[in-house]
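Good morning, and thank you for coming.

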Amino acid sequence: MRKQIAAANWKMNLTYQQAEKLLDEILGADIVLKNHQLTIFSVPYPYLLMTRSEVEEEFNGNYKVAAQNCHHKKNGAYTGEVSAEMLHSLNINYCIIGHSERREYNAESNALLAEKVNICLDHFITPIFCCGEPLQAREAGVQNDYVAVQLRESLFHLPADKIRTIIIAYEPIWAIGTGKTATTEQAQEIHRHLRSVIAAHYGAAVADEIPVLYGGSVKANNAKELFSCPDVDGGLVGGAALVAADFIEIIKALKQ
Ligand code: PGA
């Protein structure tokens, strides 16, 4: 079975003390993940090491840590930035790339994101590559084309043996932080579409290996239904990942 993943995206939330407490509560639930299941905590840079040492003590190594962004250049005079090489030197093996908030507030283009994907892979970091359409595209019925372009322009330069190692998160912008969730039909339809776009370029075997997570108002009470869709392989979770009891339910909702 493809990897099934509950990924928390804390964004710019929580003090250090709150973050430690939240992790303690979630890890204290002692959820033993199966081999095909992962839980990933995408945390602010200053909390990466603390989070890594907390999850390292856990069970079977299926709890992981991610950064929320990295710079597209290897190193240099870029004050305030963090490189993939630095993350690798901290033994951080995952990084969110192209979240819609970064596309919007930091003007990250598909071409720039291709560079970020490359630099992550060069440093043994698995990109959690985000795509997803704005409301206008959904209302105009062009969401399938919109997300296909995002994949093509940021990922399709990769050889098959690289793209098969990444994680994709489909996050419709109109559903992020709004309490509006895609219906299971909408989620399944576009996840299947994403997989078919990958299959058309790389073949079905490669497309079948890549986990595609759903993001956008995943909650404790809708996770199980969303994750039950055949092409939805878990979720990238913002708000509900900040509440221990809710995120615990979301982890438990992963396909068994
Ligand atoms: P949300 O955020 O769960 O609060 O909608 C998801 C995300 O932005 O990754």
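This is a predicted model: local features need pLDDT of at least 70, side-chain atom pairs count only at pLDDT 80 or more; totals for chains, interfaces and linings use all residues.

Let us begin with Asn-91, which is partly exposed at a relative accessible area of 43%. By partly exposed I mean a value between the two limits used here: buried is under 20% relative accessible area and exposed is over 50%, with a 1.4 Å probe and protein chains only. Asn-91 sits in the loop between α3 and β4, the latter covering residues 94-97. Its phi angle is near 60°, a positive value in a residue other than glycine.

Residues are numbered from 1 along each chain as its sequence is written, and side-chain values use heavy atoms, with hydrogens and water left out.

A second residue with a positive phi is Phe-124, at about 60°, although it is not a glycine. Is Phe-124 buried or exposed? Phe-124 is exposed, with a relative accessible area of 61%. Its place is the loop between α5 (110-122) and β5 (126-131). The helices and strands that I name are DSSP runs numbered from the N terminus: helices are H or I with at least four residues, and strands are E with at least two.

We now turn to buried residues. Cys-70 has a relative accessibility of 0% and counts as buried. Cys-70 belongs to the loop between β3 and α3, where α3 spans 84-89. What does Cys-70 touch beyond its neighbours within four places in sequence? Its contacts, meaning heavy atoms within 4.5 Å, include Tyr-45, Val-82, Leu-87, Cys-95, Lys-116 and Cys-120. Val-82 is 12 residues from Cys-70 along the chain, and the two C-alpha atoms are 5.5 Å apart.

Tyr-63 is in strand β3, residues 63-67. Tyr-63 is buried as well, at 4% relative accessibility. Its side chain reaches the backbone oxygen of Ile-31 at 2.7 Å. This is a polar contact, that is, a pair of N or O atoms within 3.5 Å; within protein, one must be able to donate a hydrogen and the other to accept it, and residues adjacent in sequence count only if both atoms are side-chain atoms. Tyr-63 and Arg-192 are 129 residues apart along the chain, and their C-alpha atoms are separated by 27 Å.

The next residue is Gln-150, in helix α7, residues 143-155. Gln-150 has a relative accessible area of 4% and is buried. A polar atom of its side chain lies 2.8 Å from the backbone nitrogen of Gly-132. Gly-132 is also one of its contacts beyond four places in sequence, together with Arg-103, Asn-110, Phe-129 and Cys-131.

Arg-138 is in helix α6, residues 135-139. Is this arginine, Arg-138, buried or exposed? Arg-138 counts as buried, at 16% relative accessibility. Its side chain makes a polar contact of 2.9 Å with that of Glu-133. Apart from residues up to four places away, Arg-138 touches residues including Tyr-170, Trp-174 and Gln-186.

Let us step back to the whole chain. The protein chain has 12 helices and 8 strands. Its radius of gyration is 17 Å, close to the 18 Å that the globule rule gives for 256 residues, so the chain is as compact as a globular protein of that length. The radius is taken over C-alpha atoms, and the rule is 2.2 Å times the number of residues to the power 0.38. Along its principal axes, the C-alpha trace spans about 45 × 45 × 35 Å. Of the 256 residues, 55% count as buried. Of the contacts with a separation of 6 or more, 75% are between residues 24 or more positions apart.

Finally, the ligand. How many residues surround the ligand? There are 13, and the closest are Lys-11, His-99, Glu-171, Gly-177 and Ser-217; a residue is near if one of its heavy atoms lies within 4 Å. A backbone N or O atom of Gly-177 lies 2.7 Å from a ligand oxygen atom, and a polar backbone atom of Gly-238 is 2.8 Å from a ligand oxygen atom. The protein covers 97% of the 290 Å² of accessible area that the ligand has on its own, by the Shrake-Rupley method with a 1.4 Å probe; for residues, only the protein chains shown count as cover.
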